[in-house]
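This report covers the folds of the two chains and then a handful of local sites. Please keep the sequence and the model open while reading.

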Amino acid sequence: MGNMTMDKNQQKRAAGALLAVLALALFAGLPAYALEAQQHQQTLERIDRAINILDTDLSAEYTIEKRDPRGSSSTTVAAVFRRDRTEQFLVLILEPAVDKGRGYLKSGDNIWLYDPADRTFTFTSARDRFQNSSIRTSDFERSNFAGNYRVVGTDSEQLGRFDTRVLELEATTDRAAFPQVKLWVSDDDLVRKREDYSLSGQLLRTTAIPSYQRVRDRMVPAQMVIVDHLVHRTVEGRRVYERTTVTVRNPSLARVSDAIYTRDYLERVTR
Amino acid sequence: MVAYLALRNLLLQRKRYALMAAAVLLGFALVTLLTASARGAMDTVQTKAARYFSGHVSITGFLEGRQQIEQPGPVVQQLVNSDLPYRTVAPRTVYYRQDSRLFFGGQSIRQRRLVGADFDLERQELGTLDFSAGGIDRMQGEEGEHGVLISEVAANLLGAQLGDDVQLFLTTDDGQPNTATLVVHGIFRETGIFGYVTYMRSADLKRLLQRPPDAATDIAVYVRPGTDIPAAAGAVRRRLDTDFRVFPPVLRRGEFSSVVDRSVEEETLAVVSVDAQLAEIRDLVDAFLMVSNFVVALFMIIVMFGILNTYRVLLHQRTREIGTMRALGMSRGGVKLVFLLEAAALAVIASLIGFLLGAVITFLVGLIDFGTGPAVAMFTERGRLQFTIRVQAVAVNLGLMVAAVLFAAWGPAHRASRLDPVEALRKNT
C-alpha cells in the first residue's frame, strides 16, 4: 500500500516535470516562431521593395511572344506605364494591328479594358488572361507579397548560377492572384523563378526571370519566360506546354504625366 | 331525316363539292403543319431550356449578393409533399461566372455555364441529352465522381474524346483560382445558347468552389408534359411563400434585376419559369405563329369566298330540288338546315382528311435532318424538327374551319329557304 502511494507521488512529480518542460518549450518556442514569422515577413517586404518602383513611374515596351503547344505563335507588343505608388498602370497594345489601341487601365480598384473598335470600356479582373496569353492582368500590378501572402515553408536550392531561397507562400487575402505561390529568390532579393498553384494544389504556371536590367538604381526584368501548365499536349510521349516569352525593352524611370492613367488618354490616343 | 338528306345530297353532289372539299382539306393540312411545328419547336426549346436553366420552374436563393440556397432540403420537401404537377425536383449547383474554362490538348474553351447536378435525381431529365459518345449512366454512383459531360462543340475544339482527362479551371466565390482533372464520361450534341455548358456532379463542383456540401444555388422543378408552366411557377411560388421568403413573381427575364434584390439580408427565393427565361424566344415563336395564323386566316377567307360562290351556283342549280322539298312539306328552317348540314359535313370530313394529310406531312418533314447549325439546332432535336399535335388545338382548328364554312354557307342557305316552292318548281334548271 505504501509503495503504491509512493508510486502515485512519483507519477505526480513526473507529470509535473513534464508539464514544466512543455511549458518551457512552448514559451521558448513561441518567440522563436514569432521571430521566424517576422523574418519571413521582412523577406517578403524586401522582395516587394526590389520589384516595386515607388518614387517614380516605369515605362517600357513589352514584346510578348506566345507559342502554343501546337506550334503556332503570336506576338503582341505593348507600351506599359506603371505607377506603383498609386497602384496604377496602363497597358496599350501597339501590335498586332487588329488589336492596336486596346488598352488595360488600372485606376483605383478597377481594371478597365478599352476596345477602340466600339469605343467601350468594360471591367476586367486582375486574374483574367492578358490577350489570351499566360500573362495575367495582375502581372502588371504592383507587387504585394508581404500584404497578400504568408510564408509556410522554406528551402534553399541552386537555380542555375543562383543560390536561391525557396519560399512557399499561402494567400492570406482574397486579393492575391493565386492561392499558393512558390518563389525562388536570389541573394539580391530578386525573384528568379515563380510557380503559381490553384487551390487544389495544381501547378498553373511557372515563370522564370533569368535576367534583370539595371535602370538607374533599380532592377527591371529583361526577359521572362512563362510556362502555362494548363495548356499542354503530348507530342511523341513528351508534354509540350504553352510558352510565353516577355521581353522588356527601353525601360525608363522618367516620370510621366498623370493624364496617362486616365480613360480620356486611352480614347484620345486611339483617335 | 334532315341529316340523312344532307349526307345523301353531299354524296350525290360530290363532284360539285370536290373543289370546296379540296380547299378545306389543304387549308386544314396547312393549319395542322403550322401549329404542330410551332408548338413542337417551342416544346423542343423548352426541353433544352429546362435542362439548361434548372427545370421548367427554377428556384434560386439570394443572400447578401451571393446566389445560394443554404438548406435546399426543406424547400425540396415542401414541393415534394405538395400536389403540384411536378415530375422531378432536384437541387443543383450552377456556376454562373463566365470565367470557367476547359483545357485539353493545348486548347481551351470558355464555358458559359457549369451545371453541378445530382445525376440520380435528374436521370430522366438529363437522359434526354443527345449523346454522340458515352452517356448519363457513367455519371451515376461512384463511377461518376470526377466525371464530366461536355458538348460536341467543346469536344471538337479541344480534340477530346470519351475517357480523356480534361482540366477544368474556375474561380471560387472568393475569387481564388481552382482546378480539377475530370474524365469525359459523355459528349452530347448541343449548339446555340445551350451548347457551351458542362455538366458535372454537384458534389464535385461544390468541393471545387469550397461551398458547403448541403448547399445549392438552384432547385430544378420539372413538370409533367402538358402542364401550363407559368401557372405551375405561380403555384410553386405561392406554395413556398407560406414558409420561406420569396421575391415577387418574375414574368420575364428582363425584369429579374428589378424584381430580385440580390443583396437581401435574409435568404430569399426567386421562382422563375422557363417561359420567363425564354420570353424572347417565345416572342419569336409567337411571331411565327402570328404569321402562320395570318396565312391561315387569309386561306380561310379565300375558302369562305369559294364556298359562298360555289353555294350560290349550287343553289341556282338545285332550285327545283328546293321546290320539291318545300312542296313535300319541308319547312323553310328545314331547307336551311339541310344546306347548312351539308356544308358542316363537308367541312368536318374534309378537315379530318386534311388533318390526316397534315399529320403525314409532319411525319415526313420530321424525317429530314436539318443538321446542327446554331440557328436550327435550338429548335430541333437530333437535327430534326419535332411536332406536337394537341387534341385541344386540333379541336379549336376544326371548330374554326366548320364555323368559317357555315358562316359562308349561311347566306345562300337562308336565301334558298326563302324561295317560293311554286316558283322554284317552274325553274328549268
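## Terms and basis

Helices (H or I, at least four residues) and strands (E, at least two) are DSSP runs, numbered from the N terminus. This is a predicted model, in which local features need pLDDT of at least 70, side-chain atom pairs count only at pLDDT 80 or more, and totals for chains, interfaces and linings use all residues. Residues are numbered from 1 along each chain as its sequence is written, chains are lettered from A and ligands numbered from 1 in the order in which they are written, and side-chain values use heavy atoms, with hydrogens and water left out.

## Chain A overall

Chain A holds three helices and 13 strands. Its radius of gyration is 25 Å, well over the 18 Å that the globule rule gives for 271 residues, so chain A is more spread out than a compact globule. That radius is taken over C-alpha atoms, and the rule is 2.2 Å times the number of residues to the power 0.38. The C-alpha trace spans about 100 × 50 × 35 Å along the principal axes of chain A.

Of its 271 residues, 45% count as buried. Buried means under 20% relative accessible area, exposed over 50%, and partly exposed in between (1.4 Å probe, protein chains only). Contact means heavy atoms within 4.5 Å. For contacts in chain A between residues at least 6 apart in sequence, 46% link residues at least 24 apart. Chain A exposes about 14,500 Å², with 50% of that from carbon and sulfur atoms. Such areas come from the Shrake-Rupley method with a 1.4 Å probe; for residues, only the protein chains shown count as cover.

Chain A has 40 positive and 37 negative charges, and their mean positions are 1 Å apart. Lys and Arg count as positive, Asp and Glu as negative; His and the chain ends are not counted. Each charge is placed at NZ of Lys, CZ of Arg, CG of Asp or CD of Glu.

## Strand E4 of chain A and its partners

Strand E4 (residues 103-107) of chain A is largely enclosed by the rest of the structure, because four of its five residues are buried. Two strands pair if DSSP finds at least two bridges between them. Strand E3 (residues 88-95) of chain A pairs with E4(A) in the antiparallel sense over four bridges. There, A:Leu92 has A:Gly103 as its bridge partner. The loop between E3 and E4 of chain A contains A:Pro96. The peptide bond from A:Glu95 to A:Pro96 is cis, with omega near 0°.

Strand E5 (residues 110-115) of chain A also runs antiparallel to E4(A), joined by five bridges. A:Trp112 in E5(A) stands opposite A:Leu105. E4(A) and E5(A) form a hairpin with two residues between the strands, where A:Gly108 takes a positive phi near 65°.

## Chain B overall

Chain B has 15 helices and 15 strands. Its radius of gyration is 30 Å; a compact globule of 429 residues would have one near 22 Å. Buried residues make up 51% of the chain. For contacts in chain B with a separation of 6 or more, 79% are between residues 24 or more positions apart.

Chain B exposes about 19,400 Å², and carbon and sulfur atoms supply 60% of it. The mean positions of its 44 positive and 41 negative charges are 17 Å apart.

## A hairpin in chain B

Strand E4 (residues 101-104) and strand E5 (residues 107-110) of chain B pair in the antiparallel sense over four bridges. B:Phe103 has B:Ser108 as its bridge partner in E5(B). Two residues lie between the strands of this hairpin, and B:Gly105 in the turn has a positive phi of about 55°.

Which residue in the loop between strand E11 (203-215) and strand E12 (218-235) of chain A is of interest here? A:Arg216 lies there. Its phi is near 50°, a positive value in a residue other than glycine. A:Arg216 is exposed, with a relative accessible area of 60%.

B:Ser54 is not a glycine, yet has a positive phi of about 65°. B:Ser54 sits in the loop between helix H2 (14-52) and strand E1 (57-63) of chain B. At 0% relative accessibility, B:Ser54 counts as buried.

B:Ser202 is in helix H6 (residues 202-209) of chain B. B:Ser202 is buried, at 9% relative accessible area. Beyond neighbours within four places in sequence, B:Ser202 contacts B:Thr93, B:Gly116, B:Ala117 and B:Asp118.

B:Ser417 is in helix H14 (residues 391-418) of chain B. With 3% relative accessibility, B:Ser417 counts as buried. Its C-alpha atom is separated by 7.9 Å from that of B:Gly334, 83 residues apart along the chain. Leaving out residues up to four places away in sequence, B:Ser417 touches B:Arg326, B:Arg332, B:Val335 and B:Lys336.
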